[in-house]
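Welcome! Take a moment to look over the structure shown here, and then follow the short tour below.

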Amino acid sequence: VQQTLTVCVTGAAGQIAYSFIPLLLSGQVFGQVKINLRLLDIPKMETALKGVVMEIEDCAYPLIGDIQTGSNPKELFKNCDLIVFLGGFPRLPGMERKDLLQKNANIFKEQGEALQEVGKDDVKCVVVANPANTNCLILSRYATKIPRQNFTCLTRLDQNRAYAQVALALNKPLNSLKNIIIWGNHSTTQYPSIEHATADGQSFVLPDQGQFIERIQKRGAEVLNARGNSSVFSAANAVKDHIKDWFNGREDTLLSLGVLSNGEYGVQSGLCFSYPIRCLGAFKYEIVGNLELSDFSKQKLKVTEEELIQEQGLAESI
Ligand code: NAX
């Protein structure tokens with residue numbers, strides 16, 4: 001195991017970063033590995049970033065190596081082993097989806113170009129900023145020297161939400177559940193599936209599957225409405241789970257990560273699609289491509305794939 005990792009967090013002055021950085025530096029992601037930290041945000045957040053650095057210092061984490069902050073990805077992406085992309089353009093009132101997609105596509109184009117120029121050939125990427133799947137796809141397009149398997153986007157929050165809701169519905173402990181899968185886009189078209197899931201080793205049905213699916217699809221909005229603010233620590237926790245399992249491997253269950261499709265399940269090749277994934281350790285994984293799907297599931301996959309194709313078209317028109 002490597003003794004030091006260099007990790008960059010973009011959007012580092014934002015909310016999720018504020019919850020994620022403590023998880024990273026207290027050893028909850030990589031264990032007892034020293035972390036060199038790179039914090040990237042836009043120039044107007046420079047002072048706020050300084051405040052984040054002060055708080056990191058004040059935690060006196062034994063695992064912290066050196067820290068660099070700034071707004072230039074070409075400086076901060078150098079020598080990174082892992083980059084967590086939390087930074088993005090927020091949806092402002094009155095802004096259309098198309099505008100949001102294109103604003104973010106521009107950011108991810110620039111960051112992809114920076115990766116191509118200064119990134120390590122084996123850097124690993126986790127895109128969280130929305131639209132996460134399409135941002136991830138754009139990033140990979142501009143950083144062609146990096147293997148396509150190294151680009152992932154976060155659907156682990158959706159997975160965690162789905163496990164929690166199933167556990168509540170069945171009145172079973174969380175660790176009795178396996179193989180609940182999030183398919184497709186991190187959006188309201190995602191398909192949270194229990195088709196291959198088990199509880200205590202047995203397949204199961206839910207009292208109301210339609211309600212379950214809709215609840216997971218709209219859980220982000222449910223939290224937003226109740227809190228008056230989007231999901232933050234549950235998102236940071238999911239980023240931790242995503243990286244930890246990708247890094248260490250997980251044998252007991254399938255996991256959901258958005259990865260670049262090679263056409264598995266008939267999905268258009270090249271889209272960033274959340275699939276059932278087996279994490280093998282040392283940042284290796286395989287897409288599990290041979291599950292039997294019901295007609296219901298096939299139709300759900302089509303809907304979310306179509307949305308991703310549309311997003312890709314809009315992002316490409318920048
Ligand atoms: P915040 O608005 O608190 O933070 C975003 C930060 O990104 C800000 O500090 C901003 O200055 C910075 N930023 C903007 N443009 C940048 C650029 N070009 N380079 C570097 N930094 C830049 O948002 P937060 O609540 O932290 O959420 C971060 C992102 O995660 C959002 O895009 C959000 O939509 C997305 N989410 C994705 C989830 C997922 O499951 N995939 C769930 C949680 C979250 O909603």
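The protein chain falls into two parts, domain 1 (4-153) and domain 2 (156-316). Keep in mind that this is a predicted model.

**How the two domains meet**

- Start with the spacing: the C-alpha centres of domain 1 and domain 2 are 23 Å apart.
- How many residues of domain 1 are in contact with domain 2? There are 34 residues of domain 1 involved, and they touch 40 residues of domain 2.
- Between domain 1 and domain 2, an area of about 3,000 Å² is buried. Carbon and sulfur atoms give 65% of that area.
- The interface of domain 1 and domain 2 is also crossed by two salt bridges.

**A salt bridge to find**

- Look for the side chains of E311 and R97, which meet in a salt bridge. The distance to check there, from N to O, is 3.6 Å.

**The second largest pocket**

- The second largest pocket has a volume of about 250 Å³. It is lined by 13 residues, and those closest to its centre are Y163, L174, N175, L177 and R250.
- Which element supplies the largest share of the lining of this pocket? That is helix 6, with five residues.
- Helix 6 spans 156-170, and strand 7 spans 177-178; each of them supplies at least two residues of the lining of the second largest pocket.

**Backbone details in the loops**

- Is the peptide bond from N130 to P131 cis or trans? This bond is cis, and its omega is near -5°. You can find P131 in the loop between strand 5 (124-127) and helix 5 (132-142).
- D200 is not a glycine, yet it has a positive phi of about 50°. To locate D200, go to the loop that runs between strand 10 (198-199) and helix 7 (209-217).
- Y265 is another residue other than glycine with a positive phi, in this case near 60°. The loop that holds Y265 lies between strand 11 (255-260) and strand 12 (272-281).

**To take away**

Methods: Residues are numbered from 1 along each chain as its sequence is written. This is a predicted model: local features need pLDDT of at least 70, side-chain atom pairs count only at pLDDT 80 or more; totals for chains, interfaces and linings use all residues. Side-chain values use heavy atoms; hydrogens and water are left out. On a 1 Å grid over the protein atoms alone, a cavity is a set of points where a 1.4 Å probe fits but cannot get out, and a pocket is an open set with protein on both sides within 12 Å along at least five of seven lines; lining residues have an atom within 4 Å of a point. Grid points are joined across faces, edges and corners, and a volume is the space filled by probe spheres set on the points. Helices (H or I, at least four residues) and strands (E, at least two) are DSSP runs, numbered from the N terminus. Domain bounds come from an automatic or database domain assignment. Contact means heavy atoms within 4.5 Å. Buried area is the accessible area (1.4 Å probe) that two parts lose on being put together, summed over both. A salt bridge is a side-chain nitrogen of Lys or Arg within 4 Å of a carboxyl oxygen of Asp or Glu.
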